[in-house]
Amino acid sequence: MSGPRLDTAIIGMACVFPQAPDLQAFWDNILSGVDAITDPPADWGADLVYDPASADNDRLYTKRGGYLGDLATFDPLRFGVMPRSVDGGEPEHFLALRLAQDALIDAGYAERPFSRARTGVILGRGTYANRGFVTVLQHTFAVDQTIRLLAQLHPEHTPEELAELKRRLKAALPPFNGETAPSLAHSVMCGRIANRLDLMGPAYSVDAACASTLIAVEAGMRDLAAGSCDMVLAGGIQISTTYPISILFSQLGALSHSGRVRPFHPQADGTLLGEGAGIVVLKRLADAERDGDRIYAVIKAVGTASDGRAVG
């Protein structure tokens, strides 16, 4: 199917990618040909699962990827977010909020008035087992499973001893409670942005695998073309690429054994996973020109299709 045909202007941008804390650094890396693929940070857990000689379903044959590391930062007080709600939540929620505001600032609308009632937020995001959701699984399935197994192997332990062990196991994990729960709900991410930035247009996320960001932009263009929005923040985000996600792609055989991504190269042997986020501010081109906005680029149209039964 063909996408919207109304010319759409990109008037603001913000991003964070491996070795690129902001938009200027990312552009400089592109011009300099920087390869941001590295081994994961020390606390990622590669020592627990990395074994290139194993095909077991709990092992990785490559650990290389694009990792944000210390660049994934967020100041909760800047946005009126309770600090206690951040640790244990999904980092995507908070980085998306930070970048949404940065994109509006880049577009020149930090103080300049605009129609907040007609500004939407559409972001692409996968529904994989990211950092926050892994915490939930550990608090529930993992801890209970550990206690049951221990009780079977060591029946001499009293219920009180097992309860104390369970308490200690949970205390060693990031928190999971009523304060962190909202940032674990997939649908809350864009709603939080709309709430904190006082935007009253449509706010939702889309999941179309690798095409999620493109589909988010297409949806934003469609809302602009239909006249239901005058401005849209659109983009994509994937911040916490935990090793369970990499194991999933490892089982599919999709990851590069050589640890290198070489598109269209005869020796290309797969992809690698990366972390990062990018958000653009979209307006109808005619409106952007009328309002004197800086225009980075113009999107003429977007086309989408599925593979059907095609192979390769």
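Predicted model: local features only at pLDDT ≥ 70, side-chain atom pairs only at ≥ 80, totals over all residues.

Author: Two residues are in contact when heavy atoms of theirs lie within 4.5 Å. Setting aside neighbours within four places in sequence, L123 touches A96, M189, C190, I193, Y204, S205, V206, A216, A234, G235, G236 and I279.

L123 belongs to the largest nonpolar core, which has 36 residues. Together with I11 and I193, L123 is among those with the most contacts inside this core. Several elements supply at least two residues each: the strands β1 (8–16), β2 (119–124), β4 (231–238) and β5 (276–284), and the helices α3 (91–106), α6 (188–197) and α9 (285–290). The largest share comes from α3, with eight residues.

Now the aromatic rings. A pair of aromatic rings is described by two values, the distance of the centres and the angle of the planes. The protein chain has six aromatic pairs. One of them joins F17 and F26, with centres 4.6 Å apart and planes at 40 degrees, and this pair is tilted. Y109 and F114 are both buried. Elsewhere, ring pairs join W44, Y67 and Y243 into a cluster.

Finally, the chain as a whole. Its secondary structure consists of nine helices and six strands. Of its 312 residues, 42% are buried. Among contacts with a separation of 6 or more, 77% are between residues 24 or more positions apart. The C-alpha atoms fill a box of roughly 75 × 50 × 40 Å along the principal axes. The accessible surface comes to about 16,400 Å², and carbon and sulfur atoms account for 57% of that surface. As for charge, there are 28 positive and 36 negative side chains, and the centres of the two sets lie 4 Å apart.

Note on methods:
Residues numbered from 1 in each chain as written. Heavy atoms only, no water. Helix = DSSP H or I, 4+ residues; strand = E, 2+ residues; numbered from the N terminus. Buried < 20%, exposed > 50% of the residue type's maximum accessible area, 1.4 Å probe, protein only. Areas by Shrake-Rupley, 256 points an atom, 1.4 Å probe, with all protein chains shown as cover. Lys, Arg positive; Asp, Glu negative; His and termini not counted. Charge placed at Lys NZ, Arg CZ, Asp CG, Glu CD. Phe/Tyr/Trp six-rings, centres within 6.5 Å; stacked < 30°, edge-to-face > 60°. Core = buried A, V, L, I, M, F, W, Y, C linked by side-chain atoms within 4.5 Å.
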